[in-house]
Amino acid sequence: MQAEKIASTHTTTIDIDGKEVTLRTGRLAKQANGACEVQCGDTMVLVTCTESANVREGIDYFPLLVDYEEKLYAVGRVPGSFTRREAKPTDKAILTSRLIDRPIRPLFKEGYRQDVMVHAIALSADQENPPDTLAMLGASLAIEIAGLPFAGPIGAVRVGRVKGKLIANPTFEQLAESDIDLVVAGTESSIMMVEAGMKMVPEKDALAAIDYAHQVIKRQVQVQREFLHKIGAVKKEFEAPTVNEELAAIIAERATEKLRQSMNAVTDKAVRQSLVNQAREAVVEAIALLPEEHPLRQVSASQLDEYLELHEAKLMRAQVLDSGMRADGRKCDEIRPITIEVGVVPRAHGSALFTRGTTQVLSLATLGTTGDAQRLDSIDPQKERKYMHHYNFPGFSVGEVKPNRGPGRREIGHGALAERAILPALPAPEEFPYVLRVVSEVLESNGSTSMASTCGSSLALMDAGVPIKETIGGIAMGLILEGDRFAILSDIQGLEDFLGDMDFKVAGTREGITALQMDIKIEGISLEIMRVALEQARRGRMHIIDKMEAVLPRARTELSRWAPRIITIQINPDDIGTVIGPGGKMIRRIVEETGATIDIEDDGTVLIASVDAAGGEAARDWVLRLVKRIVVGDVYSGHVTRIIPMGAFVEVLPGKEGMVHISQLENRRVEKVEDVVSVGQRVVVKVREIDERGRVNLTMKGVTPEERAPFETGAN
């Protein structure tokens, strides 16, 4: 085994913008086919790679599984769950698993069918250096140590930009100041994957950051090559299955016409599928005419389907490169017809129906209070999310029967991309103190549902009255690459995504990019292809934003009537306990009696939310009375709460009492307090004094008729 060959610990380092990244192997997980540790600062990740001994029967795809795990021991915390152990992976862990998977999957040799698992565990997190790009780097090294048929190594780096200066692998603190959060993975010669969030950054700046990342990647690849040579890692021999020329010839002869027709019917899935079935049946009939002993009589259904797909891809790609026309008759830079409706769901705070070709997404926005923010229990410094985008992809959207079992990795990934695209345009919490949630329901799918979700989210928020800074549109770009010839496709549909070489999603405003995501199925693309794709995407984005703004040019000036109105007041932090009351008794009472929702922050900011304006105002007045200071000489109207022989206690402000001594009840001698007042009776009192112990002494006989009048007439 490869692991047995590496018997001792080996270490090397890479300098990345002054930060030292250490690669180590031979110390941990020695029974894995390949294992390594990657460390930067006190952030440390263990990555292993394991390969199955045999190929599973009937497998016609590459079964790669990538898992990234966050363990809270990495930051010295006990999990907060009932079982006190980590349960399902966090969204961040799932997104990191996808980050690792996307650049390595295309680099395994065609025809390789062994089960492979790449498993990364964040052992330590210093909450300064992000672990995700370290795990990506470790995955490359672990696969190479295992000796698998992999066209690597790859490098992976995050790039930020602070005050105009690009930084490789920035810290969390630097990222908070950065207008670019870009993750790039690639080989020595090509870019494999891009994932980015940006604050309306121009295309030329995005391209410069990608180029900067690639220079770092080249160094990472070179260090890995030297390290692998030093430890004696050897690639296993692998021969790709030979092409069955005879089967390919029969398919070309019998299926070409129907497959061409099916590609031209991409807008009608039922018609297209019928034509594909007819093409397949024609091939099956041709094989059935062969002699009984002919080897093709034993061809499997999966192999036949694979060859049909390859031939269809060949036809589609040739048509685009030779004529510049796509399967549905569009030019390479042409966008499908777009229709938009807003305010389509009555009780949602905001809604938008975005349809592009035969892709349709309904996005619905909800405005909540600060208490609705999502609490995060992860190893990253971020502790809550105040904007959430959830993406759902039901089976009916592609005409299939599929049970709903919660979001999968794809749904979480697409939701995160659309969320990232919208974030830079949202108002600051100080200006608009709402928690926002958008749910995008995919109703029809034929390519680029994540970008349709981005467009729908922008419109739904604007429909809800959220004052977003700019309209955000998104577009998915494709690529057909054959040798030196290539074509960039705008607004790809399902067939072009499935049979093409790239899925490049770009979202942003008129000003610049807010999100990027690029995945490829080949061994990398050049920076020049990326430049052409970004420019073509910019033109497409402007066209889409024009369509969006023709329907809703800006955010509505009024919130939805069903959205809560938030009243913000500031109190002294010392008064927070007064508003909450013992065991939360006071705040519960306010909520129950007014119907409002109240959130109090540590700095004394009180957020009162209520759909009913009167309820919100009542809650505000109640809080203000609670924190109001009692002043000597002021007059109050309050209820008698209890009576003792010495006098009566009166609640002058919520939760604040003073005592009227028996001698201060009337301008005459009073024998018994009960002769003048009773529990529950409303009386008008004046503050006579506040003693050194903070006790409030009141008087009823010292209140003049003029001071009493406003309370008796109901004016106050």
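These are my notebook entries on a predicted model of a protein.

**Ground rules.** I number residues from 1 along each chain as its sequence is written, and side-chain values use heavy atoms, with hydrogens and water left out. Since the model is predicted, I ask for pLDDT of at least 70 for local features and 80 or more for side-chain atom pairs, while totals for chains, interfaces and linings use all residues.

**Overall form.** I looked up the secondary structure and got 16 helices and 29 strands; these are DSSP runs numbered from the N terminus, helices being H or I of at least four residues and strands E of at least two. The C-alpha trace spans about 125 × 60 × 50 Å along its principal axes.

My figure for the accessible surface is about 32,600 Å², with 51% of it on carbon and sulfur atoms (Shrake-Rupley, 1.4 Å probe). Buried residues come to 54% of the 716; buried is under 20% relative accessible area, exposed over 50%, partly exposed in between, counting protein chains only.

**Contacts and cores.** Of the contacts with a separation of 6 or more, 69% join residues 24 or more positions apart, a contact being heavy atoms within 4.5 Å. Next I went to the largest nonpolar core, which has 129 residues; I100, V118, L182, L461, F504 and L516 touch the most other members. A core here is a set of buried Ala, Val, Leu, Ile, Met, Phe, Trp, Tyr and Cys residues joined through side-chain atoms within 4.5 Å. Helix α5 (residues 203-231) gives this core its largest share, 12 residues. Apart from that core I found another of 35 residues, including L259, V283, L304 and L321.

I followed up V118: beyond four places in sequence, its partners include V47, L64, I100, I104, A139 and I143.

**Two loop residues.** Is N54 buried or exposed? N54 sits in the loop between β4 (43-51) and β5 (64-70), and it counts as exposed because its relative accessibility is 59%.

T369 is in the loop between β13 (359-368) and β14 (374-375). At 7% relative accessible area, T369 is buried. Leaving out neighbours within four places, T369 contacts V435, T597, D599 and A609.

Conventions. Buried < 20%, exposed > 50% of the residue type's maximum accessible area, 1.4 Å probe, protein only.
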